[in-house]
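Please keep the sequence and the structure in view while you read.

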Amino acid sequence: MKRIVGLVAVAAVAIGPAPLARAAASRDPLDEARQAAEKTPFSGSVTLQWREASVLHTDQLTVKGTHGTLLAQGQRSAMAVGTERLVYNPGDGWQELWPAGLGAARRPNLEATYDVRPAGSDRVAGYPTDAIDVLKAGVVRERLDLEATTKLLLRRQQYDGRGVLERAFVFDQIQIGDVSMTAPTTPPAPKQAAPRALSLSDVPASEREPSRLAAGYQREGAYRQGGVVQLVYSDGLYDLSLFEQQGALDPGDLPAQRRTTTFGGHPAWAFSWPGGEGITWTGGRTVYTLMGDVPPDELTTVAASVPLHRSTSVAHRLRQACRGLVESFTGSF
């Protein structure tokens, strides 16, 4: 589980998750910004802020994008090539977190859950911006600044339900529209570390969570990597991944900077990184990890709505072990 947390963290902070397809047309400033980044060359430096409990952390990245390829470099590096997502691990080289061939799950319309409102104008890194507020249940969750001409996203600020800043992304310096800029070099043969898509009929009933969770999150896709099932949920703005794995939790697999917490009377471990929040807990013989780019108060609400699996029978565990042995020879995992 530690490797999954690390890879997802780098990809989320640098370039975001693989884009999800919209169910229907709607006003979506983040989609506008994503399309602008695909067709507008730019390079610059970015400051990141994220809150871990009461501590606000800061980090810097350099970002370069052109011809549909985006490269973010800092303590770790990540790359987006179309819908493909790659991360760089020192010692292991580039790894493919989300392959282009996997496509994109659906995402509900933003306006089904959120109100999108103009919030005046501002300037970021010397460029005029159109500010946009994104509200959920009457509370501002995001303030976005899109460059007035190109619609590149120059600043993004996320708030919790009390109005406290949880994380921010802002260009300190940016050069826009340099047509002579060459695209970042893509790795020729990255290691395959990505999941494979599943139909829900392929997901064991014991790991098939409801189609909807709290706070308006809808299940949009199912995937598997090794013995881990990943269910993807979205509310139109934020994406959540629920990872489920049979077995006992090894504390050594948890991130070092974790916080002990509880919800629904069960112990859990929460952690933060520049791109989002995560929480891990156990139920029966299943280990759950819920991760996404949501404010921490909402993540806890959603996690509490996941029904816990009870301990499975010996016969069921034996069937699971036999299935895993067969599939290890067939290569289906």
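This is a predicted model: local features need pLDDT of at least 70, side-chain atom pairs count only at pLDDT 80 or more; totals for chains, interfaces and linings use all residues.

By the distance rule applied here, the count of salt bridges comes to 14. As background, side chains of opposite charge can pair when their charged atoms come close.

**A salt bridge between two strands**

- Arg 143 and Asp 133 form a salt bridge in which the closest N and O atoms are 2.3 Å apart.
- This pair links distant parts of the chain, since Arg 143 belongs to strand E11 (residues 139-147) and Asp 133 to strand E10 (residues 127-136), with the two residues 10 apart.
- Arg 143 counts as partly exposed because its relative accessibility is 29%, while Asp 133, at 13% relative accessibility, counts as buried because the cut-off for that class is under 20%.

- Lys 136 counts as buried because its relative accessibility is 11%, and Glu 298 counts as buried because its value is 6%.
- Glu 298 also forms a salt bridge with Arg 141, where the closest N and O atoms are 3.6 Å apart.
- This second pair again links distant parts of the chain, for Glu 298 is in helix H3 and Arg 141 is in strand E11, 157 residues apart.
- Both partners, Glu 298 and Arg 141, are buried.
- Through shared partners, salt bridges join Lys 136, Arg 141, Asp 235, Asp 297 and Glu 298 into one network.

- In helix H3, the residues that are buried are Glu 298, Leu 299, Val 302 and Ala 303.
- These residues lie on the same side of H3, because they cover an arc of only 135 degrees around the axis.
- In helix H2 (residues 29-39), the buried residues are Pro 29, Leu 30, Asp 31, Ala 33 and Ala 36.
- The N-terminal end of H2 is capped by Asp 28, which has a side-chain oxygen 3.0 Å from the backbone nitrogen of Leu 30.

**Strand E17 and its partners**

- Strand E17 (residues 217-225) pairs with strand E15 (residues 196-198) in the antiparallel sense over 3 bridges, and in this pairing Ala 197 stands opposite Tyr 223 of E17.
- E17 also runs antiparallel to strand E16 (residues 212-213), to which it is joined by 2 bridges, and Arg 212 has Gln 218 in E17 as its bridge partner.
- The hairpin of E16 and E17 has 3 residues between the strands, and Ala 215 takes a positive phi near 65 degrees there.
- Strand E18 (residues 228-234) is joined to E17 by 7 bridges, again in an antiparallel arrangement, with Val 232 in E18 as the bridge partner of Gly 221.
- E17 and E18 form a hairpin with 2 residues between them, and Gly 226 in its turn has a positive phi of about 60 degrees.

Technical notes. Residues are numbered from 1 along each chain as its sequence is written. Side-chain values use heavy atoms; hydrogens and water are left out. Two strands pair if DSSP finds at least two bridges between them. Helices (H or I, at least four residues) and strands (E, at least two) are DSSP runs, numbered from the N terminus. Buried means under 20% relative accessible area, exposed over 50%, partly exposed in between (1.4 Å probe, protein chains only). A polar contact is a pair of N or O atoms within 3.5 Å; within protein, one must be able to donate a hydrogen and the other to accept it, and residues adjacent in sequence count only if both atoms are side-chain atoms. A salt bridge is a side-chain nitrogen of Lys or Arg within 4 Å of a carboxyl oxygen of Asp or Glu. The arc is that of the directions from the helix axis to the C-beta atoms.
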